[in-house]
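Good morning, and thank you for making time for this item. I should like to walk through the structure now being shown, one region after another.

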Amino acid sequence: MRDQEGASLEETAKEYRLPKTVTPSRYELRLTPDLATFTFSGEEAVFVTVNEPTPEIVLNALELEIDSAGVERGAEKFTGEISLDAKTERATIRFPKALERGEWTLRLAFRGILNDKLHGFYRSQYDDERGRAHRVATTQFESTDARRAFPCWDEPELKATFKITLVVDENLTAISNAGEESTRRLGNGKKEVVFKETIRMSTYLVAFIVGEFEATEPVDAGTPLRVVHVPGKAALTNFAKQIGAFSLKFFADYYGLPYPGDKVDLIAIPDFASGAMENLGAITFRETALLVDEKTASRSELERVADVVSHENAHMWFGDLVTMKWWNGIWLNEAFATFMEMLAVDRWKPHWKRWESFSVSRASAMAIDGLKSTRSVEFTVRSPEDARAMFDVLTYEKGAAVLRMLEQYMGAEEFRKGIALYLKKHQYANAETTDLWDALEESSREPVRKLMDSWIFQPGFPILGAEAGADGSSLRLTQRRFFYLRDDEAAACEQLWHVPVMVRAKTARGVSEHKLLMTGREASLDFGEKLEWAVANEGGHGFYRVSYGPAMLDALTRNLGELRPIERFGLVSDTWAAIVSGLQPLSSFVRMARLFTAETDINVWRALIGAFNYIDIIVSDEERPALAELVRKVAGPAFERLGWEPREGEDELTRQLRGTLVATLGTLGDDPAIQRRAAELYELYEKDPSKADRDLAPALVAVLAWCGDAARYQDFKKKFKSARTPQEEQRYLFALADFRDRALLRETMAMTLDGQVRTQNAPYLMHSLLLNMDCRYEAWDFVKRNWDEMVKKYPDSALPRMCEGVVALLDREDEVKTFFQAHRVRLGGKLIDQHLERLSVAVALRAREGKWLAATLRG
């Protein structure tokens, strides 16, 4: 078997996978970080098994200096000769004679730097309320960065236990995966903190955090749970503590297994490249994903915290207790954690209707999976760089979506039993995708493997054709692969999926639900009497799109009131996808959008507004007023019914919808009345914060940025720098990319590199500037001029996501593609190819519709 680049898997294993001649079972680590010099030193004893005689030990090390190495077994002791290879990220230790089979102890002394790239063992800094700087040392090892902190067997399958000791300044807090065993003052201003031994786990889950931290009192979540934060932020911990305790208990009950560690710390880190990291017992978070003021945060901001905390807690079982054997199986970790976060949050706050809002995430995955440059969920991983590039929407959202589809087809309880069996069989060990199918088949007696292999091991997804049969009493279904660029229809017909189709249909006897497993190119469902209408993705759980025949589409749009909100969302989302791919003209979407002026569901509005935003990318400045007019005609009546003030008994999702409509009408809709009232309410909220509508406040900021002047810009910039909560800081920071005055936007561009914005946020701020229609090409020129500096300063994982903004550069398509041919993006994986293809898709849509665009929008 060969991988995508033609190298044999055996060659790949030799180049990037460690030999199994020596394997670890236990690490004893002692680390001394120096926050003044940004360095650290360490000593470790690794208890290893020599599986066959060898004169050398090969393990991973990167950006480390190894000062000494030796092995011992009883009276036998050998000093090793050390060589480091940065390309393969390995250290080879050669001994004067071959080590015999058996148990040995490897002892190493080493040194390293606390880097500023937000990976490995790195440094973070924050200012307190008085402006004094404070430093933190923390870790981020997934996927292959433990080797930057200590020499180790840095592969997920090579699990071991860890006994960690940290030597730190007496005034600092030290945290690791397990609880403290002892603390001893060393008499030189230092203390030694010894932690209990961990469970058997992979190196990427090891963590150590050092700094001035405070912690909440532990709550009982089946194990002690705390929220850890820098001083002064205790008031922002309660919400995370609630969902943390709830979700941990929920998962233990769902899996039928207790939490595997001895404590859980949820730790907010000032500088953090991703959202959070599932280190066993010491989960690290970006502050916006953990710390929140329940009284002032919007519902969507609260939902993000609930989602991320639940996601990481789910990993304590899926990922930590049971781990994939190699990085091609990372979806087993991330897709399940995403699926489980939905289950937990939906159980905790059922009125949030979390599974319905997940439909937006499912559609985001489809937007990538409809490209030729997509990949399968499980994908060959050769190198550490390949592994680091696997954390994308296909791993998370598509993976979770197909699991939800399977759960709904099998039944929730049958699915749960299979998952519990899988975890019990493989706890403290490693597993592969086939192990999961085995457990689900054993527990349910269903042919899960045949069904799921088509979704996990092949790229893309199907679009189902759905129309009434010739007899009028049946539903005829067809399947082929969906592509946005439809220049090879033969390729679209080469693949087949086992599609669990869930149908809700209306006949003279009423509305009924049906289920069928479609395994061929065509299928039919007979109802025995005349079919009035049918929804071919009942509940919206299927990871496929539906193209209804003209008569069926007409019947559905005439009966929108009889469709569930999630089905109306699917209708809008599928229709828009058909427009973008050229299956239907834009005029058909405009006609459909005008039918939704009475819509009350926020997710349906997200689909509509997402389409309006896409149109905004392809229209010219001269055509933009026509788009604004369409937005006002569609969204205006819905907002008029809601009004500015919440009504008594109004639910949270309706309050959120009000803010969404205000933001849309005040920006894309360019509605002067909305803009005037937004300014009035903003000033009112400034004078009396107690009157602020927390779901309206973010919308007001967005509207005022869109129509703001220099004075407003400076006010928002000041508020960004003095924000009371992480959410408020983000709100004002990203508003600085939404102004339309180019001089002000140049100031925002400069902020991405001059140190005013943390490197964890700067790439995403640049992403927003690239998507601002008033400065997108100037922002692109800024990126090109400053590319080398961005590569040097920004986290490697953030650069490909910043580059997503190029999808809006329709007038520079050839230039953009030429640039990325010459400037390889580390960890770009397939992401850059996908960005470029999405740009081509948008260019193709403009080419098809551009001549009649303004007339089409005005209808």
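**Selected local features of the model**

I begin with D574, which is found in helix α13, residues 565-580. Please keep in mind throughout that this is a predicted model.

Is D574 buried or exposed? Its relative accessibility is 13%, and because buried means under 20%, D574 counts as buried. Setting aside residues up to four places away in sequence, D574 touches R545 and V546. With R545 there is also a polar contact between the two side chains, at 2.8 Å.

Q408 counts as partly exposed, because its relative accessibility is 28%. Which residues does Q408 contact, leaving aside its neighbours within four places in sequence? They are M502 and H541. The side chain of Q408 makes a polar contact with the side chain of H541, and the distance is 3.5 Å. As for separation along the chain, Q408 and P500 are 92 residues apart in sequence, while their C-alpha atoms are 9.1 Å apart in space.

Let me turn to a loop residue. T237 is found between β18, residues 224-229, and α2, residues 238-255. With a relative accessible area of 4%, T237 is buried. Neighbours within four places in sequence aside, T237 is in contact with T216, V227, H229 and L291. T223 lies 14 residues from T237 in sequence, and the distance between the two, C-alpha to C-alpha, is 18 Å.

I move now to the strands, starting with the pair β1 and β2. Strand β1 covers residues 22-34 and strand β2 covers residues 39-50; the two run antiparallel and are joined by 12 bridges. Within this pairing, E28 has A45 in β2 as its bridge partner. The two strands form a hairpin with 4 residues between them. In that turn, F38 has a positive phi of about 55°.

Strand β1 also pairs with β11, this time in the parallel sense, over 6 bridges. Here L31 has L166 in β11 as its bridge partner.

D169 stands opposite K190 in β14. What other strand is joined to β14 by 5 bridges? That is β13, residues 180-185, which runs antiparallel to β14. In this pairing T183 stands opposite V193. β13 and β14 form a hairpin with 4 residues between them, and G187 in the turn has a positive phi of about 85°.

How many of the residues of β14 are buried? The count is 6 of 6 for this strand, residues 190-195. Both of its faces are covered: one side carries K190, E192 and V194, and the other carries K191, V193 and F195.

The next topic is helix α16. Its 19 residues, 624-642, should span 27 Å at 1.5 Å a residue, and the end C-alpha atoms are 26 Å apart, which agrees. Where does α16 have its kink? The kink, of about 40°, lies at A635, shortly before the proline P637.

The buried residues of α16 include R624, A626, L627, A628, L630 and V631. V634, A635, G636, A638, F639 and L642 are buried as well. What do the buried residues of this helix pack against? Their partners are α14 (586-593), α15 (602-618), α17 (652-666), α18 (672-687), α24 (776-785) and α29 (853-858). Just after α16, G643 takes a positive phi of about 75°.

Finally, the cysteines. How many disulfides are there in the model? The count comes to 0. C707 is in no disulfide, and the nearest cysteine sulfur, that of C775, is 16 Å away. For comparison, a disulfide would require two cysteine sulfur atoms within 2.5 Å. C707 counts as partly exposed because its relative accessibility is 34%. C152 has 0% relative accessibility and therefore counts as buried.

That concludes the regions I had selected, and I am glad to take questions.

Definitions and conventions:
Residues numbered from 1 in each chain as written. Predicted model: local features only at pLDDT ≥ 70, side-chain atom pairs only at ≥ 80, totals over all residues. Heavy atoms only, no water. Expected span 1.5 Å × (residues − 1). Bend = angle between axes of the 7 residues up to and from the residue. Buried < 20%, exposed > 50% of the residue type's maximum accessible area, 1.4 Å probe, protein only. Contact = heavy atoms within 4.5 Å. Polar contact = N/O pair within 3.5 Å; in protein donor to acceptor, adjacent residues only side chain to side chain. Pairing = 2+ DSSP bridges.
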